[in-house]
Amino acid sequence: MQTEVKFSSKRFLLSLLLCACSVILLQNNDLSSNASFTFNAVCIAAGLAVCFLFFLPSLALKKKTDSDVLSLARRYTPKLRIPLAVFYALYFVYTALYFLLPYIDMFHTKYFPEVTPCLITFIMLLGCAYAACKGVNVISRFGIFLFLFALLTNILMFGGSLSELDFSHYGFELQGDFNSFIQNTLYFVTPSFIAAIFACCSGVTKNFRFRQPVFTLIFTGLKYTAIVFFVWFALGDYAGRQTYPAFVLSRVAHFGPFAGIESFYLALATMSVFMIVALFLCCISRGACTDGDRKTVLIFTVIIFALYVTATYINSVKEILVNPVLLILLTFVAAVMLPAAYIFVGRKSNATGN
Amino acid sequence: MRRGISILLIIAVATVFSGCDNSRQIETASIIKNVSVDRRGSQVVYTFYRLSSGETPWGIDVPADSFEEACALARDMYIPNLSLAKLELLMLSEDVYEEVMQDDVDYISTQASFSPIAYVTLCDDTTIEKIKETNRTQRVIEEQLILLKKNNPSVNINYLSIFNNFARRGEDSFTVPFISSEKELKVSEIEINRCII
């Protein structure tokens, strides 16, 4: 069991930035094909603006109380602690599967078709469980390394694709309809799950500034725009023929005869999903007991694995687990409603002098 | 004792997951580096050249109507462990490109294992014969293609740009490389009319 040591909020937000960026890495034709690059850029801005709104209650909570929802639940509403922990546990199990399913599918179809997906999931979850036992502080330290690796991968991916950019046939016109706007904006609201992580773990951070989450979302937007830009102008119509356009972009990247950036992309996607799932397990363990509780982490790792196996065999379960609207609704409850409720509970308790 | 068991366990796991237990020599791995397409009599023939450490290419002729059919036949009848992930060059004879080029590029665009930046070029029959003689020919062709692209960026030298040109509406033609050979290899450009394909 870990003793709770507060660490830099900047480092924590850096980890959340990397988690948010993994959404676009695992994009699998989720965006409308009718939408042009400029239209998608508008959708990115709209989606991330909604994400910022999702952040507001937990930011206010952190600013006022220097604590998170789970700590406040223990302090103000001990009777509601268990239902709240159960809700967050279910939410994080759901979200972990939301990311694991496309990642394992991508790994299996694009890179390693000979290995059974369940084995890849098992090994991945073992790694995540180990990291979760070490706590948020250690995972966020890993985030520094991952940030540098992501920087290198992005430089290679974008730099190597420069020669394939074609501005003569694919323009900057604003082209798209209302349905495309709704579909794409909903997709770009997906990174709001980092607001739920922030709501659960921000209590262990110090030196928080309001600008940190703003910069996190701005950098996320820049990364999304860069990937969408290169997919639109470097891959063109070819992107629509293949699954996981970001992976195809990494295959296209080359420097003269030297190619093979896809292994960098795959390593980045693997480490990002690893960090997401490990952070989710940390949040679950914080809700149940304290940061890095091994028993809780192991139990929920087994639950995630069991649900993954179920989803691979029963398609209806998989459809529920990868439903973006359900994810956003659950995120709204986890990141907006519950932290907002605790702002009022805290205010009421302070007024009554408890 | 515990440390020894842990080390043995790690070695065993690493061997299994790294694929070392299932390793093959490069000659027997059936990695295809280059495919040429030409006509022999009335039949279109796809020749798959394997990656090898020697200087002489080792090609297998597969008569088929399309690249998709040729790949399936090659896997079933000729090369069971066929791997096209490292395919670098597709050479189409000037006699057959009108018949197969668009369908083949379309098929390749749907396959995850193919590299989108592999080169595609048209060539005459002498070049097809030359590539059977030595592995050096492929290297020279690739160098010439890179040089051509550098001098004229509008020429389409890989699957990605050729597929996008076929998929595009509005323009009737686009340029691709053409390799001719009498004494030595010579790379030029040829305009392809989308309507005739």
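**Sheet and helices of a predicted model**

Q: In which sense do strand β1 (residues 32-40) and strand β4 (residues 89-93) of chain B pair?
A: Strands are DSSP runs of E, at least two residues long, and helices are runs of H or I of at least four, numbered from the N terminus. Two strands pair if DSSP finds at least two bridges between them. β1 and β4 of chain B share 4 bridges, and the sense is parallel.

Q: What kind of model is this?
A: Residues count from 1 along each chain as its sequence is written, while chains are lettered from A and ligands numbered from 1 in the order written. Local features need pLDDT of at least 70, side-chain atom pairs count only at pLDDT 80 or more, and totals for chains, interfaces and linings use all residues, since the model is predicted.

Q: Which residue of β4(B) is the bridge partner of B:Ser36?
A: β1 of chain B spans residues 32-40, and β4 of chain B spans residues 89-93. B:Ser36 has its bridge partner in β4(B), and that partner is B:Met91.

Q: Which strands of chain B stand at the edges of the sheet?
A: The open sheet has 7 strands with mixed pairing, in the order β3-β2-β1-β4-β5-β6-β7 of chain B. Each edge strand has a single partner, so one side of it is left without a neighbour in the sheet. The edge strands of chain B are β3 (58-63) and β7 (185-193).

Q: What angle does the direction of α3(B) make with that of β4(B)?
A: α3(B) packs on the sheet, touching β1, β2 (43-50), β4 and β5 (119-123) of chain B. Axes are lines fitted to C-alpha atoms, for helices over the stretch in contact, and angles run from 0 to 180 degrees between N-to-C directions. For α3(B) and β4(B), the angle is about 155 degrees.

Q: Which helix gives the most to the side of chain B that touches chain A?
A: Residues are in contact if their C-beta atoms, placed from the backbone, lie within 7 Å. The contact takes 13 residues from chain B and 16 residues from chain A. On the chain B side, α3 (97-110), α5 (136-151) and α6 (159-167) each supply at least two residues. The most, 4 residues, comes from α6(B).

Q: At roughly what angle do the axes of α4 and α5 of chain A cross?
A: In α4(A), A:Leu100, A:Ile104, A:Phe107 and A:His108 meet A:Pro117, A:Ile120 and A:Thr121 in α5(A). The axes of α4 (residues 81-111) and α5 (residues 117-134) of chain A come within 10 Å, and they cross at roughly 120 degrees.

Terms used: Contact = placed C-beta atoms within 7 Å.
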